[in-house]
Amino acid sequence: MLGRKWIRGTHSMPRSRKMSLYVPCEIEFLPSVENLVEPADYNNFTQFSLSYILKEEHLASNGSLFGGHQSLQEREETYYAKNQSLHCGFIEGPEDYPSSGFDLDERDRAYMDTCRVVVSSCIFGGSDYLRRPTKSKISSYSKKNVCFIMFLDELTLATLSSEGHVPDENGSIGLWRSVVVKNLPYKDMRRAGKVPKLLAQRLFPSALYSIWLDSKLRLNADPMLIIEYFLWRKKAEYAISVHYDRTCVWEEVLQNKRLNKYNHTAIDEQFYFYQSDGLVKFNDSGQEPVLPSYVPEGSFIVRAHTPMSNLFSCLWFNEVNRFTSRDQLSFTYTYLKLRRMNTGRNLHLNMFKDCERRAVAKLFHHRTNGTADPPPTDLRMNKTHSSMSS
């Protein structure tokens with residue numbers, strides 16, 4: 001196997017040399033999916049029971065109902081890996097109240113309920129072209145047994161259809177089955193995209209495994225071989241790559257501001273909140289960092305739908321709902337807080353090399369940039385509820 005060589009960005013490195021580092025590396029996949037069986041000792045992870053809050057009777061005047069209105073005290077309690085019911089999107093209001101969003105056709109829901117292994121992506125607001133998985137890389141087994149789901153809004157469906165990507169009678173465009181989402185829960189298309197990205201356990205309740213790839217990626221490897229390599233072989237329940245250039249959240253904050261990725265005040269509020277709750281720089285803790293990087297490249301995620309993986313996904317989504325939609329700002333905070341509050345009961349995380357991500361998915365540029373709307377201040381910084389302590 002290849003040794004770990006974590007690539008760090010540097011402002012002094014010539015662009016040509018930096019770009020030469022951002023290339024795929026060799027991955028030792030199994031030769032085929034034949035006789036592929038989940039290892040008997042694989043699923044030995046922390047066990048507890050999760051359920052989800054489905055309704056709020058008392059509605060706040062601001063913010064999206066979809067994510068709910070979780071107090072800071074409620075938020076604090078959810079970080080304990082225990083039997084619990086927690087906010088995790090898909091919240092509805094009182095009886096006869098309008099839907100909170102992310103509405104799906106019942107036929108699509110019925111199909112999604114049958115999925116055991118899922119590859120999913122989304123395009124909202126016509127923001128991207130359709131990238132079809134490389135068929136020659138996908139085994140006959142995966143074509144038959146893996147659900148390939150592309151979530152689209154009606155605008156994107158019309159745009160893709162005008163470009164020749166017309167769904168057949170089953171809603172399929174090549175390997176992708178198109179699932180049209182009506183009534184998106186957020187105006188910010190990037191935040192809306194975090195629903196299928198982070199809440200696969202809610203959308204696919206029968207799934208054992210899921211793979212997420214952003215719409216800027218084209219899948220170039222078989223899903224079952226990906227699961228075997230990134231999860232089973234590493235005895236991990238969650239896998240995500242390091243960022244190709246940055247290792248510290250401080251750097252990510254500066255880059256988001258430099259490129260005006262989000263409202264600067266909202267970024268500062270989130271960042272100061274996290275610092276007050278113990279977030280430190282990548283190399284400033286006085287100890288070896290617990291992760292190879294504190295900034296993920298979140299465009300490609302492989303996960304087993306275990307209790308701890310599902311809890312982490314809910315917690316990460318709740319941070320995106322409360323603060324900014326820039327999920328790279330909240331990933332490490334969420335992971336470290338979950339780890340700190342559950343000593344000896346860790347999320348088994350495989351944070352793999354960026355070149356491995358590039359080996360399984362080809363990168364393209366987005367078609368356009370979306371707009372961003374910050375959540376209301378009273379949701380982000382509701383200090384009438386305690387506490388930020390661990």
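A: A disulfide is a pair of cysteine sulfur atoms within 2.5 Å. This is a predicted model, in which local features need pLDDT of at least 70 and side-chain atom pairs count only at pLDDT 80 or more, while totals for chains, interfaces and linings use all residues. Residues are numbered from 1 along each chain as its sequence is written, and side-chain values use heavy atoms, with hydrogens and water left out.

The structure holds three disulfides. Cys88 and Cys314 form one of them, with their sulfur atoms 2.1 Å apart. Cys88 lies in the loop between β2 (84–86) and α3 (106–113) and Cys314 in helix α11 (residues 307–322), so this bond ties together parts that are 226 residues apart in sequence. Helices (H or I, at least four residues) and strands (E, at least two) are DSSP runs, numbered from the N terminus. The torsion about the S-S bond of Cys88 and Cys314 is about -85 degrees, so the disulfide is left-handed.

Another disulfide joins Cys25 to Cys355, S to S 2.2 Å. Cys25 sits in the loop between α1 (15–21) and β1 (50–52) and Cys355 in helix α13 (residues 354–360), so the pair connects parts 330 residues apart in sequence. The link of Cys25 and Cys355 is right-handed, with 75 degrees about the S-S bond.

Cys115 is joined to Cys147, S to S 2.1 Å. Cys115 is in the loop between α3 and β3 (117–123) and Cys147 in strand β4 (residues 147–152), 32 residues apart. Both Cys115 and Cys147 are buried (under 20% relative accessible area, with exposed over 50% and partly exposed in between; 1.4 Å probe, protein chains only).
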